[in-house]
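Visitor: Please take one part of this model and go through it closely. I am new to it, and a plain account will do.

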Amino acid sequence: MKILVFEKEEYLDAYVGEYICHFIRNHSQPVIGFATGSTPLGVYRYFIDNYQAQKVSFRQVKAFNLDEYVGLTPSHPRSFASAMKNELFSHIDILPENINALDGSKEDMIQECQRYESLIDANPIDIQILGIGMDGHIAYNEPGSPLDGACHVVDLHQESIESSLDYGFDHIEDVPTQGVTQGIGTIMKAKQLIMMAKGEKKADLVKRMIYGEVTPDFPSSIIQRHPNVIVCLDRNAASQLKEEDYEKR
Ligand code: PGA
């Protein structure tokens, strides 16, 4: 595992942004996994700026979103599909038919999960962007999720419901209580993971993710078992790590 700690948040965003742009420029059919949440927004800004400066094109990129709320249509303003569209996809030249996501409004969610898992198997993800949730989740794999799980519906934990207030819901009772997510097994099939975390509030979580036991009780710990992972942190998120374990940037 490579751990990089950046002096400034903007350096972190530019590093991850440029790393992925470089990959896109050098591959004919790049498949990128995108995460919602506040952590990757600076990277998405980097993509938009570089697209506008004609330094990168997303026309060949296939995109896979990580997770979604159950009960919201993709066009609902608070859906993760809408968030990805508003924060990134509507500002770049990605083709709409290349944007893939779980649809949390389907009648038969088991079938929807199987559809998405098969689609990912047919289009293996080259680079998956990840964040860590306040309960240690990755995507919506809450504590207790099987480490080899496929796409599935989950009951959201209270921390995840409360964190959703940061994503534009006005009242806690408006937040869906279930999510649908790539499983930990799905995420582990990606060829490379880029795990990002920022801020003091993530410091203890990052420590447990890197040094703790790999356990379903702390789903992000699974990244220790992935053969190709880059962890990108700001100084605050890295404050509980030993200096000899990371590279300073
Ligand atoms: P955040 O969410 O980027 O908004 O902190 C991370 C996550 O829940 O995975």
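A strand and its surroundings

Guide: Strands β9 and β10 pair in the parallel sense, over 5 bridges. Two strands count as paired if DSSP finds at least two bridges between them. Strands are DSSP runs of E of at least two residues, helices are runs of H or I of at least four, and both are numbered from the N terminus. This is a predicted model, in which local features need pLDDT of at least 70 and side-chain atom pairs count only at pLDDT 80 or more, while totals for chains, interfaces and linings use all residues. Residues are numbered from 1 along each chain as its sequence is written, and side-chain values use heavy atoms, with hydrogens and water left out.

β9 covers residues 192–197 and β10 covers 229–234. Where the two strands pair, M195 stands opposite V231 of β10. β9 also pairs with strand β6, residues 127–130, in the parallel sense over 4 bridges. One of the partners there is Q192 of β9, bridged to I127.

Next comes burial. A residue is buried at under 20% relative accessible area, exposed at over 50% and partly exposed in between, for a 1.4 Å probe and protein chains only. In β9, 6 of the 6 residues are buried, so the strand is largely enclosed by the rest of the structure. Both of its faces are covered, with buried Q192, I194 and M196 on one side and buried L193, M195 and A197 on the other.

Strand β7, residues 152–155, has one covered face, made of H152 and V154, and an uncovered one with V153 and D155. β7 pairs with strand β8, residues 178–181, in the antiparallel sense over 4 bridges. In that pairing V154 stands opposite G179 of β8.

Back at β9, this strand, helix α7 and β10 make a right-handed β-α-β unit. Right-handed means that, with the strands pointing away from the viewer, the path from the first strand over the helix to the second runs clockwise.

Helix α7 spans residues 203–211, and its buried residues are A203, L205, V206, M209 and I210. Seen down the axis of α7, these buried residues fall within an arc of 160 degrees, so they line one face of the helix. The arc is taken from the directions from the helix axis to the C-beta atoms. The cover over the buried residues of α7 includes β9, β10 and also β1, residues 2–6. Contact here means heavy atoms within 4.5 Å.
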